[in-house]
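Colleague: I'd like a close look at one part of this complex. Could you walk me through it once the model is up?

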Amino acid sequence: MTFLNFFISGISLGSIYAIIALGYTMVYGIAKMLNFAHGDVIMVGAYVCFYMVVRYELPPFLGVIIAMAVCTMLGIIVERLAYKPLRQAPSLAVLITAIGMSYFLQNTALLLWSSNPKVFPSIIGRGSFKLFDGELSVSHITALTIGVCLVIMAALTLFVGKTKMGKAMRACSEDKGAAQLMGINVNATISLTFAIGSGLAAVAGALLCSAYPTLMPTTGALPGIKAFTAAVFGGIGSIPGAFLGGLMLGVIEIFAKAYISSQLSDAVVFGVLIVVLLVKPAGLLGKMTQEKV
Amino acid sequence: MKKVLVCSLLVLAMSASAFGAAFKVGGTGPLTGGAAIYGTAAMRGAQIAAEEINAMGGDIQFELRYEDDTHDAEKAVNAYNALKDWGMQVSLGSVTSKPAEATAAENFADRIFALTPSASSAAVTEGKDNVFQMCFVDPNQGSASAQYIGEKGFAKKVAVIWKNDDVYSKGIRDTFVEKAPSFGLEIVSETAFADGNDTDFSVQLTDAKEKGAELVFLPMYYQPASLILAQAQAMGYAPKWFGVDGMDGILTMEGFDKSLAEGVMLLTPFNADAKDERTQNFVKKYQEKYGEIPNQFAADGYDCVYAYYQALTQAKATPDMDAETLCQKMIEQFTTMTFNGVTGENVRWAKNGEVSKDPKGMVIKDGAYVGLD
């Protein structure tokens, strides 16, 4: 039973990584850039949700919707100001800009909301489902996170695969120049990608802070890095890969803590990552693509 | 943003120097970044004390200046050098342990006296005759906690959860584990966490529960502690909890469900709810000015400036003395004087810079601290 309980803890941690990883992987898949500020957009989303629910006493559902709207706007603004001017620049420059943006958001949050940690009210309460006479418990928030993950995953796959905008996204991802020649507005398409990615970040922020309820300006940073790892693990650019990678990362982390050493869990997690990348350099579900020169 | 910060610091500094000749007191601390809560609190505490003293209009006036070190040792040394160029005469060291270890070495080399509000690692004062601490040194907290738990008979079987990438947590844990057996405590479970895996504590709590720990010792700051308390409740585990001074502040977290902390015990030098006049005056002023209840870091910063006030007065020091002369006088004063402040009565310092004051045992009852003794 302890084993199963650990497994469930791993899944609940992993589902959080998965939902953050979805945002990373989606932006990477389309715009081919690592948006390291993603974790910090999550933090902003969580703060907006926090203020809506605690200060203005709105229902949590509405709080999440407002947070999504704010983060979508933020995503578009960040993209327009920081990334768009660098569209033709080498990818390294964009990467550094993203890291800079991450620090900028963190420190702005520090000024706006101070560094004192706040306790986030859970958006659906702290209850749990009891199984096998209470031997096993799955918290509501874990169930909700996995459900939301699956819905987002399905919606994104459908959107990218079936709609016209999705087709434009895939075209941009494959060859920006050619897409432009075919009459696709590349800039608008990439802005849309960021808008969607940032909207997802707000949902991830609300779920992250509902599961692990302290909220600080640095809240998004480390889960962001872990989720990035999860996205690479599952194959960056692959939407189901992010989900799988997130869940596996969570489970491995908890098992490493429980059965190897609580001090070495991160070393084990990243050790596994190295092994996976040695065997499958594109990640678990990633496709190897030939870079055109 | 840095510009704004520097400007605001200059304004703070200038407001204190309005009376002409004043002692230049400098300190570094994390005013931005993840540890900013500690640096800003210590700075604000010191600020209030300096303003109070300057308002009294006596011979001792302070000009206070804080520089940001973002909890980074290298930046702390740069910040220290900036203060030295400014003409710092006595120093408040650094707020957090890692940067303080770096600046303390500079203080020692330059013969500028330092009294750190809250850098509690033993390495800060080790081998330096002119670096003193206002807070307990980490190892003392560990042994004091073990002694307190053992002598009060709170538990026999104890679990420890600690943060293994933090010198503060490790310092306390090391001496706690070492001293526990001599006070009749058996450590049945010992688990760790670090930055980046500090959200899920199910493994640590399950281990403590299965091995039958009656009390869980938490040598850490309150933010992870609040998660541990919430997760323990969710899994139906209700041992006794025992924290250290880093736990102080848990009740002031916005949105924290205070019932989770019911019965948590901690050793702390400062209690914002204490009824004595000195504490109440400080808490009131801090609240008026900054809109929040001061934590222990703010109290330490406040006491540091008052300790300087007392030492400088007794030494008949004047602002035209150079740093080295003041350093010698301060060493004489701090090793002999007794100080009463908001973090303790009859505070004394040993020659190696360690402070001795009584930790107060507190328990959280109905959402407020109550003395245990």
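Predicted model: local features only at pLDDT ≥ 70, side-chain atom pairs only at ≥ 80, totals over all residues.

Modeller: In chain B, 55% of the 373 residues count as buried. Chain B has 11 helices and 15 strands. Its radius of gyration is 20 Å, close to the 21 Å that the globule rule gives for 373 residues, so chain B is as compact as a globular protein of that length. Looking at contacts in chain B between residues at least 6 apart in sequence, 69% of them join residues at least 24 apart.

Chain B divides into domain 1, made of 2-136 + 276-356, and domain 2, which is 139-268. The C-alpha centres of these two domains of chain B are 30 Å apart. Where they meet, domain 1 of chain B puts 10 residues into the contact and domain 2 of chain B puts in 11. On the domain 1 side of that contact in chain B, you'd find three nonpolar, five polar and two charged residues.

On to the core. The largest nonpolar core holds 204 residues, and A:A46 and B:V305 are the ones that touch the most other members. Helix α1 of chain A, residues 2-31, is the biggest giver to this core, with 16 residues. Chain B is in there too: domain 1 and domain 2 of chain B each supply at least three residues of the core. Leaving out residues up to four places away in sequence, B:V305 touches B:A46, B:A49, B:A50, B:I53 and B:F62.

Three strands form an open sheet in the order β11-β12-β13 of chain B, with antiparallel pairing. At the edges stand β11 (339-341) and β13 (355-356) of chain B; each has a single partner strand, so one side of each is left without a neighbour in the sheet. β11(B) pairs with β12 of chain B, residues 344-349, over two bridges in the antiparallel sense. For B:F339, the bridge partner in β12(B) is B:V347.

Last, the partner. Chain A has 11 helices and four strands, and 50% of its 293 residues are buried. A compact globule of 293 residues would have a radius of gyration near 19 Å, and chain A agrees with its 19 Å. Between the chains, 33 residues of chain A are in contact with 28 residues of chain B. The elements of chain A that each supply at least two residues to this side include α4 (91-113), β1 (118-119) and α9 (221-234). The largest share of the chain A side, five residues, comes from α1(A). By class, the side of chain A that touches chain B has 14 nonpolar, 13 polar and six charged residues.

Note on methods. Residues numbered from 1 in each chain as written. Chains lettered and ligands numbered in written order. Domains from an automatic or database assignment. Contact = placed C-beta atoms within 7 Å. Nonpolar A, V, L, I, M, F, W, Y, C, P; charged D, E, K, R; others polar. Core = buried A, V, L, I, M, F, W, Y, C linked by C-beta atoms within 7 Å. Buried ≥ 20, exposed ≤ 12 C-beta atoms within 10 Å, placed from the backbone. Rg over C-alpha atoms; globule rule 2.2 N^0.38 Å. Pairing = 2+ DSSP bridges.
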